[in-house]
Amino acid sequence: MTAATAGALLAGPDSAAFRAAMGRFPTGVTLLTQGSGEDALVMTLNSLVSVSLDPMLVLVSVKADGRMRPRIARAGSFAVNVLAGSQRDLAQEFCRPDRPKGRAAMLRLAAEEGVTGNAVLPRAETYVECVLDSEHQAGDHVLLIGRVVALSTRPDADPLLFHQGRFGRLLPVAEAGA
């Protein structure tokens, strides 16, 4: 270990520095849903991780004291909708505290009820429907592990990205290689 590394470990970063450092990692943007119709609850989320192929598992991280965690725990299921680049407005709208819920959310998203009873967005780049496999407390968040029971993809869509506090898109393959 170098002196610089040891000093960095001993000093300990503050939460603002940690947030800025993690913002350097580009992520996709999703809408996490629980319920549908009058019971639909939706939130913007960028903490989606593929955990396992056998069985198919994903991980999402939600605030321990937020509205979403107890809903998912009670229902035992959720859906994750990976937003396309053209759906930036939805990401911005559903990260607000006063975001739409219930039928208003379903209409705004043009959502349908999926096989798990949760709202899915047919226009999303991808969606996965999950039954809750386990929960793990992690600081001020809870890690929810979901077993994938259904999914849908749109191969023609391009993903919405989030990096350093801004939304972005990937260049089409033809442009990226130029």
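Glu-38 is exposed, with a relative accessible area of 55%. Here exposed means over 50% relative accessible area, buried means under 20%, and partly exposed lies in between (1.4 Å probe, protein chains only). The model is a predicted one: local features need pLDDT of at least 70, side-chain atom pairs count only at pLDDT 80 or more, and totals for chains, interfaces and linings use all residues. Residues are numbered from 1 along each chain as its sequence is written, and side-chain values use heavy atoms, with hydrogens and water left out.

## Salt bridges

Glu-38 forms a salt bridge with Arg-103, the closest N and O atoms being 3.2 Å apart. The pair links distant parts of the chain: Glu-38 is in the loop between β2 and β3, and Arg-103 is in helix α5, 65 residues apart. Arg-103 is partly exposed, at 48% relative accessible area. A salt bridge is a side-chain nitrogen of Lys or Arg within 4 Å of a carboxyl oxygen of Asp or Glu. Helices (H or I, at least four residues) and strands (E, at least two) are DSSP runs, numbered from the N terminus.

The structure holds 8 salt bridges. The table lists some of them.

| Pair | N to O distance |
|---|---|
| Arg-103 and Glu-38 | 3.2 Å |
| Arg-69 and Glu-135 | 3.3 Å |
| Arg-169 and Asp-158 | 3.0 Å |

Arg-169 lies in strand β12 and Asp-158 in the loop between β10 and β11, 11 residues apart. Asp-158 is partly exposed, with a relative accessible area of 24%. Arg-69 and Glu-135 meet through their side chains. Arg-69 is in helix α3 (residues 68-75) and Glu-135 in strand β9, so the pair ties together parts 66 residues apart in sequence. Arg-69 is partly exposed at 22% relative accessibility, and Glu-135 is partly exposed at 34%. A network of salt bridges links Asp-89, Glu-93 and Arg-108.

## The chain as a whole

The chain has 6 helices and 12 strands. Of its 178 residues, 38% are buried. Its accessible surface comes to about 10200 Å², and 57% of that belongs to carbon and sulfur atoms. Accessible areas come from the Shrake-Rupley method with a 1.4 Å probe; for residues, only the protein chains shown count as cover. Among contacts between residues at least 6 apart in sequence, 63% join residues at least 24 apart. Contact means heavy atoms within 4.5 Å.

## Strands: enclosed and at the edge

Strand β6 (residues 77-82) has 6 of its 6 residues buried, so it is largely enclosed by the rest of the structure. Both of its faces are covered: Ser-77, Ala-79 and Asn-81 are buried on one side, and Phe-78, Val-80 and Val-82 on the other. Strand β2 (residues 30-34) pairs with β6 in the antiparallel sense over 4 bridges. Two strands pair if DSSP finds at least two bridges between them. Leu-32 stands opposite Val-80 in β6. Strand β9 (residues 126-138) is also antiparallel to β6, and 6 bridges join the two. Asn-81 stands opposite Tyr-127 in β9.

Another 3 strands form an open sheet in the order β1-β11-β12, with antiparallel pairing. Its edge strands, β1 (27-28) and β12 (166-169), each pair on one side only. Strand β11 (residues 160-163) is joined to β12 by 4 bridges. Leu-160 has Arg-169 as its bridge partner in β12.

## Buried residues

Phe-94 sits in the loop between α4 (88-93) and α5 (102-109). Phe-94 counts as buried, at 0% relative accessibility. Beyond its neighbours within four places in sequence, Phe-94 contacts residues including Leu-31, Val-42, Thr-44 and Leu-109.

Thr-44 lies in strand β3 (residues 41-45). Thr-44 is buried too, at 18% relative accessibility. A polar atom of its side chain lies 2.7 Å from the backbone oxygen of Ala-91.

Pro-159 is in the loop between β10 and β11. Its relative accessible area is 19%, so Pro-159 counts as buried. Leaving aside neighbours within four places in sequence, its contacts include Leu-83, Glu-125 and Arg-169.

## Out in the open

Of the 8 residues of helix α2 (residues 15-22), the number buried is 0, so the helix lies largely in the open. Asp-14 caps its N-terminal end: a side-chain oxygen lies 3.3 Å from the backbone nitrogen of Ala-16.

Technical notes:
A polar contact is a pair of N or O atoms within 3.5 Å; within protein, one must be able to donate a hydrogen and the other to accept it, and residues adjacent in sequence count only if both atoms are side-chain atoms.
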